[in-house]
Amino acid sequence: MRPSSLLALLATAIFASAAEDGAQVYSTLCVACHGPDGKGLNGLPPLVGSDWPKGPAARSIKIVLSGMEGPVDVAGKAYNIVMPPQGAVLSDEKIAAALTYVRATFAGGAGAVTPDEVKAVRAATASRTTPWTAAELLKAHPFPPAKTALKNLVGTMYKGNWKELPDFSTLKPALMEDFNVGVVDPDQSGLKSNFAMVWTAQFEAKEAGKYTFTLDCDDFGALYVGGEKVAEIKGIAPIGGRRKEVPVILKQGLTPIRIEFVQVAGEQVIHLGYKGPKDKGVQWLSKTRGGNAAKNTPSIPIQPKDGVAVIYRNFISGTTPRAIGIGFPNEMNLAYSGDNAAVELLWAGKFMDGGHHWTDRGAGNEPPAGTNVVKLSDGQALIQDTAPSGSIVRFATEKGGKEMKFSPLPVAGEFKGYDLDKAGNPTFRSTGEGFALTDAWAPDTASGKPGLVRTLKASGDKAVTIVLTRGVALTGPSDGVTEVGANLVIRAQSGVYPRTNAADKTLTVTLKPGESAVLGYSLR
Amino acid sequence: MKKLSLFLAFAALTSGLSAAAVVKKTDTKASEARQSEFYERVEIPTPAGEVCEVSSIALMPGKKVAIGTRRGDVWIAEGAYDADLSKIKWTKFASNLHEPLGMFWKAGSLYATQRPEHTRLTDTDGDGKADRFDSICSKWGINGDYHEYAFGSEPDKNGDVWVVLCLTGSFHGHSPWRGWCVRVTPEGKMIPTTSGIRSPGGIGANEKGDMFYTDNQGVWNGSSGFKWLRPGSFQGNPTGNKSAALSDFPAPPEPTSGSRILTERLKFPDFVPPAVMLPHAKVGNSPSGIACDMTKGKFGPWENQMLVGEQTASQVQRINLEFVNGLYQGAVFHFLGGFEAGLIPVRMDQEDGTLFVGGSNRGWGSRGTKPFTFERVRFKGKVPFEMHDISARHDGFEVTFTHPVDAASAADLKNYAMDTFTYIYQASYGSPEVDQTAPTIKSATLSEDGLKVRLVVDGLVRGHIHHLVTEVKAKSGDTLWHNEGWYTLNEIPAAK
């Protein structure tokens, strides 16, 4: 080796170690998302005011090495994005320098990070090929317990399948634990479906006065304060539509509080909070926070205009990803599932808010903005007497380990599109093996009540059965009138009348070619 | 003190070297400042008060232009070609589709590839608004993840639309056919066409009708790439491989992580390497829409070259392609810049020579600072002094320039510098540049017409990106508008 190149090599080595300037690494790689002031750019998460860069260095090192994805709360706001991993690009020295800079500058002087610490974490996580989730990181490196008004919080978990709140005193707990975290969270059960949680705690009122409690659940639950049931969320529906707010007068000091929660399937969320005499906004007692108080997106109401119905195609909570929402001018709304060729949700009042999907990256499902959300059915809505031949196939996906498993699902028919009339009223079209179906919806102008009229028409050469509701408590029909759950009435107006099938708890209507059914839907 | 003095010694050493050997690169700001000599870039006013994060552009008869937005609206403009854009007229054709990332006009209807399906939108009663929405194909999986984007092409010669389907969260295959390219026939049949996709940013065909897409740096992508969708091929990311079992598609390759693309693609003949790698942070960070220049000179002398949008840098890059030993390869050059937001769609009016671009910086930052933009670019008639293309030879490259090169300048080897590198092909995110080499340019011979410089290079490396910087001057004395090119040498051609 020639002396000059040796000198160059030596100089390079020293140059590298002397000049791993954390501020410089930050300003080339991190700044594009977290911003020069650490406050986040373009709606991306801040470092300032966040607990994430504080505490154990290993948590921050893991995030930089392997990235992070999925839902995460940062500085009181919910995000759902991907931070790209940098482990393949950055040396241990550069990561240590950048994190030292971030912790000193934006995290209130949290301690320096050394290249050796990065090296150790890199070795320990060498097999990690996908970004971390917030849940994984917090399991390994939890935040210090939150200081909330819930003291001595204990959670008890029960396994089972319920349609309404059971009498927990008769049940055997599957798990009981002290959750010294100050917030309730269905994930504390460790399960995703068919369980209940009962949390008990002492609620600390800082002063005497009126405390307005807020409760909402997916699926259902109840709140007891001072031994009395003050709020209950009934039925199986997504979060957002059934939120209860109840005032309770409390003395200063500790009052027993009890929260019952049941998860059947799908998303599991509880929103629990309160507003005390001196509070400006809702103080959340649940890990996931409810609307308004913590929402970091602007409100962009999507509403019908000039008497014309409005459409919204995006991810709507409570139905499938191929969702088509329609907001009618009489404050009735529906969501159609393109996956299941079915109207799956009805609700009253406001239609949708685009603030969430139309800002930042628009991650996640948006609940209906209105009230009285009724879940009509799940799964395929079109059925024939004979099993599907397999000429139309969709895919069922289910979790198989970390990834999803797909299995072919032959179906009787599929969504083919829709027409919109001048008033924006939709006619959904579907076809299947030997039939074509149109499914038209319009505001009910005759009854004077908030309602919709649905007209189903079949053609082709084979009959088709349409599932109108599935899995909802039914009363009737008598004289063509069916009560669906507590909030919805379906009235047969003309054509073929629907019938209930007690065995699988469905309300269906079967149309032969050329037949139709006209049904009135009214919400209580 | 000791460290400081050594540092100074090192600095002196490198600056001494640079004066002798390093060819200066054109600086981005300087080249963007010269752009108006050659191209006119104009912002087209979008409908007042509306958020038009342009996600797709369709050209319609009668000089109408339709835009789709990320919020899902479709607007049709009359007057987008006019000199006076203050009189532009916008009509809303449809509302709140699900993020249409591909749109074209055919036989009286607009067709949009939106997240859940490929859709035909028709105005059957002539009132200017779509009233019939036909779901042509919805056979790919979506699960509610925001990253499961679907980018659709214009129809190919069979009328099929090619759709590239991003991985779930850009890392996973949680729904059927994520990480695949599928073709949708006019009847709505879905034909799985290639595996191996990560996170596309756009799709488009070259003049022969071969389809290409851009894929972003990430897992199994050491850097972003411009890739050829040869039917039946594997594009490099095995995450979505399991969907092959859902049809009769042969099992895609399971490559080894920590390898090199060349090594793995020689093991697996179905593995088509990126036609042109787009080196991260040097060319751009996030490639997007694709257009082929078939304007016969109306947009400048780039006939059949590919134009590629860039989201982060708010630019359009230029690519020349050639076909060697059964694979596409070629060079990428910086081209147009200074756009107002991150670019997504890029659409060329081939008759008129007007390039339409649009985009947004929502969710991903961009150099352009506006939240959204719709713009057009036209050639002003003055041809810039540029490398027109780089073409591989068995022993080097031939560089064609747009104007005759000064003979003395062309012959001076100090006016050229070349380095090569590649990336680690791995399951983790991105890669540093690795395996760097410094080939020697042994001779530079100018053609009689002064347009071509034949470089004989000692040390070509198959599979590497060959980065050429040149400071040659035109016969007129003009300097190059952009003086860097990155040639992806998948194959070294045989001697003729």
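Predicted model: local features only at pLDDT ≥ 70, side-chain atom pairs only at ≥ 80, totals over all residues.
Start with chain A as a whole. Its C-alpha trace spans about 95 × 70 × 50 Å along the principal axes. Strands number 34 here, and helices six. Of the 524 residues in chain A, 44% are buried. Contacts also reach along the sequence: among those between residues at least 6 apart, 62% join residues at least 24 apart.

Chain A is divided into three parts. Domain 1 covers 3-140, domain 2 covers 150-284, and domain 3 covers 301-523. Taken over C-alpha atoms, the centres of domain 1 and domain 2 of chain A are separated by 37 Å.

Turn next to a pair of helices in chain A. Helix α3 holds residues 57-66, and helix α5 holds residues 115-124. The crossing of α3(A) and α5(A) is right-handed. Which residues make the contact? From α3(A) come Ala57(A), Ala58(A), Ile61(A), Lys62(A) and Leu65(A). From α5(A) come Glu117(A), Val118(A), Val121(A) and Arg122(A).

Now look at a sheet in chain A. It is open and has six strands, in the order β5-β4-β6-β11-β8-β9. The pairing is antiparallel. From one strand to the next, the twist averages 15 degrees. The edges are β5 (175-178) and β9 (228-233) of chain A, each of which pairs on one side only. Follow the sheet to its β9(A) edge. There, strand β8 (residues 220-225) of chain A pairs with β9(A) in the antiparallel sense, over five bridges. One contact to find on screen is Gly221(A), whose bridge partner in β9(A) is Ile233(A).

Move to chain B and find strand β8, residues 117-122. Is this strand mostly covered or mostly open? It is mostly covered: five of its six residues are buried. β8(B) has paired strands to trace. Strand β7 (residues 109-114) of chain B runs antiparallel to β8(B), joined by five bridges. The two form a hairpin, with two residues between them. Within this pair, Ala112(B) has Thr119(B) of β8(B) as its bridge partner. β8(B) also pairs with strand β9 (residues 132-137) of chain B. That pairing is antiparallel too, over five bridges. Here His118(B) has Cys137(B) in β9(B) as its bridge partner.

Technical notes. Residues numbered from 1 in each chain as written. Chains lettered and ligands numbered in written order. Pairing = 2+ DSSP bridges. Helix = DSSP H or I, 4+ residues; strand = E, 2+ residues; numbered from the N terminus. Axes fitted to C-alpha atoms, helices over the stretch in contact; angles between N-to-C directions. Domains from an automatic or database assignment. Left-handed = near helix turned anticlockwise from the far one by under 90°. Contact = placed C-beta atoms within 7 Å. Buried ≥ 20, exposed ≤ 12 C-beta atoms within 10 Å, placed from the backbone.
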